[in-house]
Amino acid sequence: MPEMVDGDWSLGYSATKIYPGADLLFGRQSSGIYCLSEPEVKFSDGDFGDADLPGEDGIRMGRDYQRSATVTFELGVDGVDQAVDRHGDMQPWAGGPLIGAWPTATRPPELGGSVRTTVRKPYQWSSDGVDMLRQAWRADSVRGRAGGVAWLRHTTVGGRTRMLYGRPRKFAVGSSRLTRQGYTPVVCDFVTIDDRFYDATESVEELWALRWLGMPGRPGRPADAGPGLNDSRKTAVIKQKGRVATYPYVRVYGPCKNPKLTLVGLWEVQLSMEIKSTSDYVQIDPRPFARSVMFYKDGSSSSVADKLTRSSPRLAEMFIPPGQWTAKLSYANASVPTTTGPRMEIFWRDAYAWW
């Protein structure tokens, strides 16, 4: 996908074995699918736990919960100016399983491509554009999976890009006499899983223990200086630069036994199990659309949620508020002979209350 600029929107989701994913850029006129008005963001009513005080005036304030948001688009699919022909006569996933991705040779110069070689009649392009847009909005690879989500990116003034997790939902094609001339209006919306706006760039910090000569280097690690040299980094600082709390996800690689991650002052999570190989790992994912603890070994996966210790927090409580937090890795040595130690990757996106 070309680099996004002010006014661009992008709908994306992953492919499955039988359904294509999407990487659909829209919003500006040069994309051929542009916004007729500024998209509306409407937050749903919160879930308020207020209760009446029996036998007297007033109420007792309870626990309040924020829910989701809905982004509504009024789009114009335009073929009047011979706008973008995204995929020529091929299926949109022919060059890779992404709806909306198209070769550089068929992009207009405004989107980082060369002059378009395929010329279509305005009505034909408009119909194909609506067809492709609705296919992307169906999100077949997402809606068939419980918890499956798409992402919606938007770039605002200054090039700042943030994203929402959710699913495309409503889709309505407007009746217009201009369709014959190559223009079709469409109204569609995207429902989010929460009211957070996430940074498009994912942050990561890595912790590791004993490492000997011959182990491949990783970003942030010093290079080996000679035989027998080892190094470790069991403490790191997590900088969450957003305005609201965000959920991380953690990968723990072996070899080690009973690994534990501590975010000082927040929580500590520990696994009561052994990870024997450097290629095996456990992913602890408390994000709302995942909420899982999975063990990955030799290309297969299985749930190990029962391996979380009783002192570990609920996954819903494993969030990172804004600020700087110290992360610490601790573990017991694995039972297998090894010259290496475990490593841990902590991923997160800074979260905000608006674009």
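Start with D194, which is buried, with a relative accessible area of 7%. One thing to keep in mind as you click around: this is a predicted model.

What do the side chains of D194 and R196 meet in? They form a salt bridge, with N and O 3.4 Å apart. R196 has 18% relative accessibility, and since the cut-off for buried is under 20%, R196 counts as buried.

**Next stop: E205 and R233**

Select these two together. Their side chains make a salt bridge too, at 3.1 Å from N to O. To see what this pair links, colour strand β15 (residues 203-208), where E205 sits, and then the loop between β15 and β16 (235-240), which holds R233. Is R233 buried or partly exposed? Its relative accessible area is 28%, so R233 is partly exposed.

**Then hop to E268**

Show E268 with K260. These two form a salt bridge, and their closest N and O atoms are 3.8 Å apart. E268 counts as partly exposed, at 34% relative accessibility.

After that, pick R138, D140 and R143 in one go. Salt bridges that share partners join these three into one network. If you're keeping score, the count for the model comes to 12 salt bridges.

**Over to T16**

Time for a residue in a loop. T16 is located between β1 (9-13) and β2 (21-26), and its relative accessibility of 32% makes T16 partly exposed. Which residues does T16 touch once you skip its neighbours within four places in sequence? Select S141 and R145: T16 is in contact with both. Try the distance tool on T16 and S141. From C-alpha to C-alpha they are 5.8 Å apart in space, though 125 residues separate them in sequence.

**Last stop: R287**

Finish in another loop, the one between β21 (281-285) and β22 (292-297), where you'll find R287. R287 is buried, with a relative accessible area of 16%.

Notes. Residues numbered from 1 in each chain as written. Predicted model: local features only at pLDDT ≥ 70, side-chain atom pairs only at ≥ 80, totals over all residues. Heavy atoms only, no water. Salt bridge = Lys/Arg side-chain N within 4 Å of Asp/Glu carboxyl O. Buried < 20%, exposed > 50% of the residue type's maximum accessible area, 1.4 Å probe, protein only. Helix = DSSP H or I, 4+ residues; strand = E, 2+ residues; numbered from the N terminus. Contact = heavy atoms within 4.5 Å.
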